[in-house]
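Please report on the salt bridges and nonpolar cores of this protein chain. Keep it brief.

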Amino acid sequence: MTDTARTARTGVPERPTLDGLEETWSRRWQEEGTYTFDRTKERSDVYAIDTPPPTVSGELHMGHVFSYTHTDLVARFQRMRGRTVFYPIGWDDNGLPTERRVQNVHGVRCDPSLPYDPQWQAPQAPVDDAARKDPTPISRRNFIELCERLTVSDEQVFEALWRRLGLSVDWSLMYTTIGPAARATSQRAFLRNLARGEAYQAEAPTLWDVGFATAVAQAELEDRERPGAYHRLRFHGPDGREVLIDTTRPELLPACVALVCHPDDERYADLVGTVVRTPVFGVEVPVRAHTLADPAKGTGVAMVCTFGDLTDVTWWRELDLETRVVIGRDGRLLPEPPSGVPGGPYAELAGQTVNGARRRLVELLADAGDLVGDVRPITHPVKFYERGDRPLEIVSTRQWYLRNGGRDADLREVLLARGREMRWVPEHMRHRYEHWVSGLTGDWLVSRQRFFGVPVPVWYRLDDVGEPDWSHPLTPEDSALPIDPSEDAPPGYDESQRGVPGGFVGDPDVLDTWATSSLTPQLAGGWERDPELFRKIFPMDLRPQGQEIIRTWLFATVVRAHLEHGTLPWHTAELSGWILDPDRKKMSKSKGNVVTPMALLEQHGSDAVRYWSANGRPGTDLAFDPAQIKVGRRLATKLLNASRFALGLGAADALRAPATTPLDRAVLAELASVVAASTTAFEAYDHTAALQAAESFFWRFCDDYIELVKERAYGTGAGADSARATLATALSVQLRLFAPVLPYATEEVWSWWRYGSVHRSPWPTTYEVNRAVQGEGDPALLRLASDALGQVRRAKSERKLSMRAEVPLAEALGPAALLDQLTEVADDLRAAGRIGKLDLLPDRTTELVIACAF
């Protein structure tokens, strides 16, 4: 039995259809292990992909489909090129998004002070708005268990969509960022950072999200335009001199520790080194000079408070100022005034929200006569946590940090050099990386005051009065990982010593979700868990991801790989563009213009949606266009029908037979150039160019070549054999060219006449195509025949005649050399155009003209 038998697997159906292919083939691929990674191969045979683990705390949208399809195109191409592809899938299921989803779905909140209740049952979901506004407090362990249950159900929904889309991942390699293996890996990496001095703990000003009650890292910030107001305050200087300052945050007046002006600002030169008194509170504060003060902003002199913004932090640190913190972690003013601030006026503000304190302090300023002029409304950028809905505050907290070059110029230069080592697709995305690394102002804050995450794996000794020894954390043995310090005791201690003098206390924080996600190569590759596997896949070949998380996921992964392994985590980074709505605006949940993909996949078919995705190049924005999805369905349908027609002509029995006639040789010569162009494009990660080359040829093949040769192919003799051989070669090659983009349609057609999977078949080569040509082929001859046939069709169309209408006489006019070429395909042209007589009239025109007489 040969693999060219016409009914090799399923036979050619009478009426091929795209409907139902996803269910059939996704099941077959799983059953037959079509995409299983072959662990027996050596590293040189492996192509490893660091697949993005989507956050399972909501719905996937068309942006996910867009970018994940791009990754799948690469995986399928590399697999057909002979590589065994390491293509895992992961779920990013820890962190704030999951907590928020649990809170919203079940109407609960975590209260770590409550005991675990093993009998507790979650409220029926979804709950109403009243339950969300007044959530039920539950223990930390109950809350985490609820997070785990919800993520499992979310992951099942995500998996169903990815399977339907046709992602060729190896599902046996699936991982999560909160499972035991992920927790052990994340904690192990952190402890090694700690042992090398790369992780450290510090009490410092911290960006704080009041709503989530957690610290936030620099990479998670975003500016949002918000209304505000300038208030002009009168400070009292020496000899009765008044000093005016403009501020949008008068409520921070009790936290004022200095005024600052530019060193070259002559207006205030005589004030530098003196002290002034604050309005309302009468606290003496120094006047200092610093280059960050802007003489053109406001009055040219600024109020330094601890802490109003990041510039305040810089001034506080570099000018060695006092600390007067007034805002607590709950976003309210602290109950007691800071040192040196009188309690009388402060009592008016204690315990109030920021907005309430602002209103009251403005009243006190006005009563004291120190509010100058009218309040001036403005709109200005305010810093938010990217997932939060309240402006960030800066509070003093003890946090864990990881060195990332923000305060180490040498490390910064090394990480910039790592960026230059990497291949960027497209290349200009490297500048975003360099801009971010060059602009870092501090190390990476990796601890979070949340619950559903990887616990910081340390404990602290308590002294005789129960105070923690922060400077000497207790750490677990590597073999004990993963651990939870809130439930496990450190080596040498038992649970009875928790929280008592002379005993211990566990670190209550969890690691930032990026601190785990930055280890996806290690998580998926079995670092320290499966050394043989890790050796074969690391460093990986490709990191595909969104451009907006270069500063977080990409940079953080580079940092972790450099610190732990002294290398890049992968060789190439491929960045996605944005998905735009029809008005060319970026799709986002906050704007309410996202489109969810499952309905589109069900309506148009996965191949059609993948076709739309493949029309967007890496780093380039693509508008969501249902019309283009319909074009993709039309292409996939045409592939089924054209293949059925070609196989019906007997092409399956002619595979590997030679193409001998001029037109057949011409079409294969053209196809060879398409294979070369498509291969070069895929190697450059330009899947769009690869698709365009294949698609352009395919329509000419269907509309022109098949029409030109079908009469000959129905016959017998050398010409018929040549036509069927050409159809077979062209069909086999084109199925493989389209296979990465249209996996379902191509697999279906392949099954009609070939053994195995098209996705495990070798990528076509120019050698393969040229080998089927007996002699030389001239692609220009195909274009000439197509042009001539097109003119005949146009003549019939203009007369509103059927394409099957007879043409008694056709005259071909043009240069003699061109008509000599036309004679090589004249028989096929006459048959396709139903031309009774074809006369050649040389040198009557400068271009080919086919004149039809009816």
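Arg-132 is partly exposed, at 31% relative accessibility; that class lies between buried (under 20% relative accessible area) and exposed (over 50%), using a 1.4 Å probe and protein chains only. The model is predicted: local features need pLDDT of at least 70, side-chain atom pairs count only at pLDDT 80 or more, and totals for chains, interfaces and linings use all residues. Residues are numbered from 1 along each chain as its sequence is written, and side-chain values use heavy atoms, with hydrogens and water left out.

**Salt bridges**

Arg-132 forms a salt bridge with Asp-129. The term means a side-chain nitrogen of Lys or Arg within 4 Å of a carboxyl oxygen of Asp or Glu. By this rule there are 58 salt bridges. Three of them are tabulated here.

| Pair | Closest N to O distance |
|---|---|
| Asp-129 and Arg-132 | 2.8 Å |
| Asp-223 and Lys-383 | 3.0 Å |

Asp-129 and Arg-132 sit 3 residues apart in helix α4 (residues 129-133), so about one helical turn separates them. Helices (H or I, at least four residues) and strands (E, at least two) are DSSP runs, numbered from the N terminus.

Asp-223 is partly exposed, at 48% relative accessible area. Lys-383 is partly exposed too, at 33%.

Arg-617 is partly exposed, with 31% relative accessibility.

Salt bridges also form a network, linking Arg-192, Arg-196, Glu-198, Glu-528 and Glu-564.

**Nonpolar cores**

A nonpolar core is a set of buried Ala, Val, Leu, Ile, Met, Phe, Trp, Tyr and Cys residues joined through side-chain atoms within 4.5 Å. The largest one has 102 residues. Phe-86, Phe-235 and Ile-537 have the most contacts inside this core. Helix α15 (residues 550-565) gives the most to it, with 9 residues.

Phe-235 has contacts (heavy atoms within 4.5 Å) beyond its neighbours within four places in sequence, including Val-243, Leu-253, Cys-256, Val-276 and Met-303.

A second, separate core has 91 residues. Among them are Leu-668, Phe-738, Val-749 and Val-807.
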